[in-house]
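Please work through the following exercises on charged side chains. Each task is followed by a solution in steps.

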Amino acid sequence: MSEHSTPTGGSTYIERAYGLHGPDDARALYDEWAKDYDHDLADASQGYVAPGLAADTVVREAGPDVTVLDAGCGTGLVGAELARRGVRVIDGVDVSPGMLEQARATGAYRSLEPVDLTRALPMDGDAYDVVVCVGTLTHGHVGPAALAEFVRVTRPEGWVVATVLDDVWESGGFRAEVDRLVDAGAAQLVSADLTPYRAGVGVEARMLVLTAR
């Protein structure tokens with residue numbers, strides 16, 4: 001069992017996800033969970049509203065005519081929400097081939113590739129107007145160093161929109177990394193407001209919005 005106080009709503013998969021130990025562990029779990037993931041998170045008891053709220057944030061800040069990298073895209077919940085809002089150019093990366101297979105079925109993505117977000121991203125700098133990351137900056141997943149990579153691949157004046165589970169915002173070093181990026185002149189903090197995440201069980205996240213410099 002993982003050591004955290006975040007409600008799981010009784011989901012054994014979420015409990016296991018919060019106790020992951022590295023990308024190999026994550027790949028195995030999410031490959032196993034892929035076919036049931038959307039059903040499990042859409043359950044009213046979980047109320048996983050973060051993908052829709054993040055897509056709203058992307059379109060509000062950047063508009064729909066943007067190129068987007070969906071980092072940690074999972075089954076494509078965020079991509080599908082972006083497509084519903086008129087975004088047409090979305091690339092997705094995720095550590096789990098099983099999740100990418102589900103994302104492919106949405107038809108929302110231009111490309112989908114297996115990528116470990118705990119390492120440097122394989123794309124050039126300034127490649128995207130927006131990087132969006134939902135559900136990945138949380139217990140046992142990807143650490144704050146990923147934010148610098150998100151900023152690197154975002155064009156100047158482009159946006160990074162990411163949910164950071166509130167329970168790890170400070171304790172996991174995410175707030176400190178945002179401060180570091182701002183102090184270094186790499187990014188500007190637009191907002192980091194608390195927002196519903198898995199609303200059915202009262203879990204909140206920071207909806208982090210940065211602009212790249």
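A residue is called buried under 20% relative accessible area, exposed over 50%, and partly exposed in between (1.4 Å probe, protein chains only). The model is predicted, so local features need pLDDT of at least 70 and side-chain atom pairs count only at pLDDT 80 or more, while totals for chains, interfaces and linings use all residues. Residues are numbered from 1 along each chain as its sequence is written, and side-chain values use heavy atoms, with hydrogens and water left out.

**Exercise 1.** Describe the contact between Glu149 and Arg152.

Step 1. A salt bridge is a side-chain nitrogen of Lys or Arg within 4 Å of a carboxyl oxygen of Asp or Glu. Glu149 and Arg152 form such a bridge, at 3.0 Å from N to O.

Step 2. Both residues belong to helix α6 (residues 146–152) and are three residues apart, about one turn of the helix. Helices (H or I, at least four residues) and strands (E, at least two) are DSSP runs, numbered from the N terminus.

Step 3. Arg152 is partly exposed at 31% relative accessibility, whereas Glu149 is buried at 16%.

**Exercise 2.** Which parts of the chain does the pair Asp91 and Arg110 tie together?

Step 1. The side chains of Asp91 and Arg110 meet in a salt bridge of 2.8 Å, N to O.

Step 2. Asp91 lies in strand β2 and Arg110 in the loop between α5 (97–104) and β3 (111–114), so the bridge ties together parts 19 residues apart in sequence.

Step 3. Asp91 is buried, with 5% relative accessibility; Arg110 is exposed, with 56%.
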